[in-house]
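Here is a short report for a reader new to this structure. Take a look at the sequence and the fold, then read on.

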Amino acid sequence: MVNYVPVLLILIIAIGMAAVIIILSRFAKKRRPTHEKLMPYECGVEPVGTARERQSVKFYLVAMAFLLFDIEAVFLVPWAVVFRGVVQSQVYRHLKFVFYGEMMVFMVVLFVGLVYVWRKGILEWNR
Amino acid sequence: MTNLLLEWVIKTIVILLILVTAVAYVTLMERKVMAWIQMRVGPNRVGLGKFRLWGLMQPLADGLKMIFKEDIIPLQANQWLYVLAPALSLIPALMTFIVIPYGSQITLFNHTIELHVTSMNVGLLYVLALTSVGVYGIVLAGWSSNNKYSLMGGLRSSAQMISYELALGLSIVSVLLYTGTLDLVEIVDAQRGFHGLAWNIFHYPLLILVFIIFYIASLAETNRTPFDLPEADSELVAGYHTEYSSMKFVMFQMAEYLNLITASSISTTLFFGGWNGPSVGRLPYLGPVYFTIKVFVLIFMAMWIRYTVPRFRYDQLMRFGWKFLLPASIVNIIISSTVILFMR
């Protein structure tokens with residue numbers, strides 16, 4: 001548990017670095033804001049419309065699909081870490097195939113999910 | 001306890017200093033490699049006083065220039081998010097380096113020092129988690145700039161990153177089947193022996209396929225060509241960092257190169273034996289040298305690919321990630337686990 005203190009340490013140091021960089025740039029610059037410099041960039045013309053319009057729903061669908069397969073990965077990681085130990089041990093010799101088969105069933109179910117997403121066309125057009 | 005804390009602080013500061021210098025010189029390396037591949041010379045004039053020094057002071061000059069540029073915050077932008085986004089991109093990029101082992105053990109001033117800041121039992125998962133947090137910086141940058149190009153660039157970039165994160169994570173699962181641990185220090189320790197050449201990729205040859213998938217996914221994850229449509233100069237202006245100037249832009253660039261260095265470091269740790277190499281048992285100082293050489297070779301490969309291959313169109317990119325890399329990494333897991341089940 002004490003192994004995780006350096007994470008806090010480097011978090012604090014990294015936040016400090018980022019803060020120093022931002023503050024440095026605030027005080028070391030010339031401040032000459034003109035109207036053109038402060039406008040959003042649109043290839044030199046006045047911006048047409050706001051940037052807060054609706055975006056395509058494709059991004060949301062990709063995020064949902066990512067979520068599902070990421071949860072699958074979350075289940076796969078602990079299984080993978082203990083897999084070799086279990087399969088090569090003498091104690092669980094009789095459960096080798098059960099251990100393997102269960103996860104294969106899980107992966108097949110999620111693979112079917114991928115095929116469904118594929119056939120529904122979510123991975124198409126702008127993708 | 002204070003001894004331990006002091007050791008951590010010193011190691012962290014040393015690693016961060018080396019990293020920041022490394023990032024600066026990776027930018028120079030990028031420009032030089034780009035130049036030589038394009039049959040020209042690249043920056044070779046910025047020296048010190050009267051000495052040319054082959055352009056080695058270029059990153060210093062660029063850094064100073066960037067500090068003194070005007071820091072414009074557009075009026076329409078969400079002020080706090082606009083300032084937060086580059087920090088949110090940079091901080092996770094810096095945090096990954098504490099779990100990577102750079103060497104075995106050296107003895108300095110009568111102390112035995114292990115050359116890794118901490119040996120977390122979930123080191124690899126920690127690195128993956130930080131990569132995922134890095135996506136926030138990009139999407140916030142795109143959103144808070146209040147600029148249509150930034151928003152589209154940010155959304156596309158983050159959609160690309162999360163799609164390839166799946167292939168990345170699942171190929172790491174393939175490696176985990178062989179190593180049996182998430183602790184990077186233990187993964188490298190298990191690759192000792194045989195004159196320092198018992199790397200995972202020689203010991204388990206199926207890992208070559210996994211390495212290829214991992215490397216391609218990490219190139220896409222760090223938004224490098226051929227996957228850099230969301231930030232390429234001639235597409236969507238400059239994508240999510242259109243509205244950024246001066247040091248905030250520098251923070252984005254630093255985060256990008258840090259991500260590249262992280263991806264290369266994780267690749268060498270998982271596949272190429274980390275700090276292992278010939279006669280590293282007798283001369284422990286060779287550990288960091290071998291590690292640096294391997295990371296350098298992988299970074300050079302990334303740059304080589306960048307200046308050789310044209311970039312993917314966005315739909316080709318997403319199709320490749322979802323329809324090819326993801327099924328390929330799943331199939332790899334199935335093959336690897338079957339091999340481990342039946343052989344040995």
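Chain B holds 11 helices and 2 strands. Along the sequence, the order of these elements is α-α-α-β-β-α-α-α-α-α-α-α-α. The model is a predicted one.

**Overall form**

Start with the dimensions. Chain B has 344 residues, and a compact globule of that length would have a radius of gyration near 20 Å; the value for chain B is 21 Å, so the two agree. Along the principal axes, the C-alpha atoms of chain B fill a box of roughly 60 × 55 × 50 Å. Buried residues make up 52% of the 344 in chain B. Now take the contacts in chain B between residues at least 6 apart in sequence. Of these, 75% join residues at least 24 apart.

**The two strands**

Strand E1 of chain B covers residues 105–108, and strand E2 of chain B covers residues 111–114. The two run antiparallel and are joined by 4 bridges. One bridge pairs Gln105(B) with Glu114(B) in E2(B). E1(B) and E2(B) form a hairpin with 2 residues between the strands. In that hairpin, Phe109(B) takes a positive phi near 55°.

**Two domains**

Chain B is divided into domain 1, residues 1–65, and domain 2, residues 75–342. The centres of the two domains of chain B, taken over C-alpha atoms, are separated by 20 Å.

**Where the chains meet**

Chain B also touches chain A. The contact takes 63 residues from chain B and 56 residues from chain A. Several helices of chain B give two or more residues to its side of this contact, including H1 (2–37), H3 (79–95) and H5 (148–179). Helix H9 (246–271) and helix H11 (314–342) of chain B do likewise. By class, chain B's side has 41 nonpolar, 13 polar and 9 charged residues.

Note on methods
Residues numbered from 1 in each chain as written. Chains lettered and ligands numbered in written order. Predicted model: local features only at pLDDT ≥ 70, side-chain atom pairs only at ≥ 80, totals over all residues. Contact = placed C-beta atoms within 7 Å. Nonpolar A, V, L, I, M, F, W, Y, C, P; charged D, E, K, R; others polar. Rg over C-alpha atoms; globule rule 2.2 N^0.38 Å. Buried ≥ 20, exposed ≤ 12 C-beta atoms within 10 Å, placed from the backbone. Domains from an automatic or database assignment. Pairing = 2+ DSSP bridges.
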